[in-house]
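Have the sequence and the 3D view ready as you read.

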Amino acid sequence: MNKNQLLAYQIAIIGQFHHPELPPIIIIGRSGIGKTAVTKAIAKAMRKKLFGFEMSGKCAEDISGYGVPDHTTGTMRFYPDAYVRSILDLPEGSCIVFFDEVCDLVPSVQRAVHPVFCGKTFGIEQLPLLTALCGAGNPPEISTTGGAMSIPVRKRVCCINADVDANAWADGNESGFENIDVVEFDSSWTDRIPQERVMVSAFIRSAPEYLDQDAAEAHLAAPCPRQWTHVALYNALCKGTGHMEARMILLAGCIGEELALKYVNWEKQQDIPDWRDVLSGRVNQHSPNWPKRGDQILTMAKACVAGTLSDGEFTCQNVQACWDLIGTLYETGHADYASLACIDLAKAGSPKGWNGTLPDVEALFDILQDAGLT
């Protein structure tokens, strides 16, 4: 793996310990390039317990549980085996679960891993909160069975297509492959999620044909609503941690390289300021980076509202600044965008202790009245 692929794999694993909606991360690459070894090294460096599943030898019951009759109730109960039970009993945020040879799953096992990859459940048993899921497999041309992950499984994960990096291998051969420097970052990157969700929504509104597409080949990444949610999370992760060199790898692993490039180029053209900078006044209508086009103004306003309504941000100060922004947009000739952006803010009401003022705009009256604010 080259350094950017390794970085993307690392931060995708670490991010799962901060946010439960980040998807499992899968390395797809030729046999012998160190996919399993690097996973073990990451777990060791993070001091997390690693539980590995060699999937080519598993049956569906090993994942979803074994049926046992309950003669008292006349029903069947499904119990996990001892290995899975040892994972389920761990405290949250303490382990990495690694699925090896994921491209060689028979259909019954693929069905069994659907809830693991999508809902982090083994059968009916819920994994501890903030458990990191990852895996590895071979490309179909060299996999043992000649198979690949099914489309339903593929659209639940992010896949990194890894290759061999001669310099990285040479360094590891000399210093030890198990000696890996894991990047460190805190969970503050999640603060960026509301704005990134707004950005992804704005892109899909501008190009709805990209919401759900089939891949050119079944084993390749393709967009779907679930994967666009992952795109927003990975954007927040890479921007919030400063590891932008990993972003294209992760986005391509969700929606494909061509569409990832289109999204990144579109985002650059939008040039939307951070919602905190807008509400704090660091960016205002007199600033050079204040949006000029209507679509940009709407996206900026919606990002400010989404940020204000996120956990821990629904404060008197943010709510007042958000309403002040809505008023400014009305005064500067953008009443239509202001009305669209403020609906969710109005529905949310006001935080406890807020004694602020609402924009004195007649056109806002119906929206505020419906929300019970007038």
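A salt bridge is a side-chain nitrogen of Lys or Arg within 4 Å of a carboxyl oxygen of Asp or Glu. By this rule the structure holds 15 salt bridges. This is a predicted model, where local features need pLDDT of at least 70, side-chain atom pairs count only at pLDDT 80 or more, and totals for chains, interfaces and linings use all residues. Residues are numbered from 1 along each chain as its sequence is written, and side-chain values use heavy atoms, with hydrogens and water left out.

Here are some of the pairs:

| Salt bridge | Closest N and O atoms |
|---|---|
| Arg85 and Asp89 | 3.3 Å |
| Glu196 and Arg192 | 3.6 Å |
| Arg192 and Asp274 | 3.6 Å |

How exposed are these partners? Buried means under 20% relative accessible area, exposed over 50%, and partly exposed in between (1.4 Å probe, protein chains only). Arg85 is partly exposed at 29%, while Asp89 is exposed at 54%. Glu196 is buried at 2%, and Arg192 is partly exposed at 25%. Arg192, Glu196, Lys239, Arg247, Glu267 and Asp274 are linked in a network of salt bridges.

The side chain of Lys120 does reach the backbone oxygen of Thr131, at 2.6 Å.

Technical notes:
A polar contact is a pair of N or O atoms within 3.5 Å; within protein, one must be able to donate a hydrogen and the other to accept it, and residues adjacent in sequence count only if both atoms are side-chain atoms.
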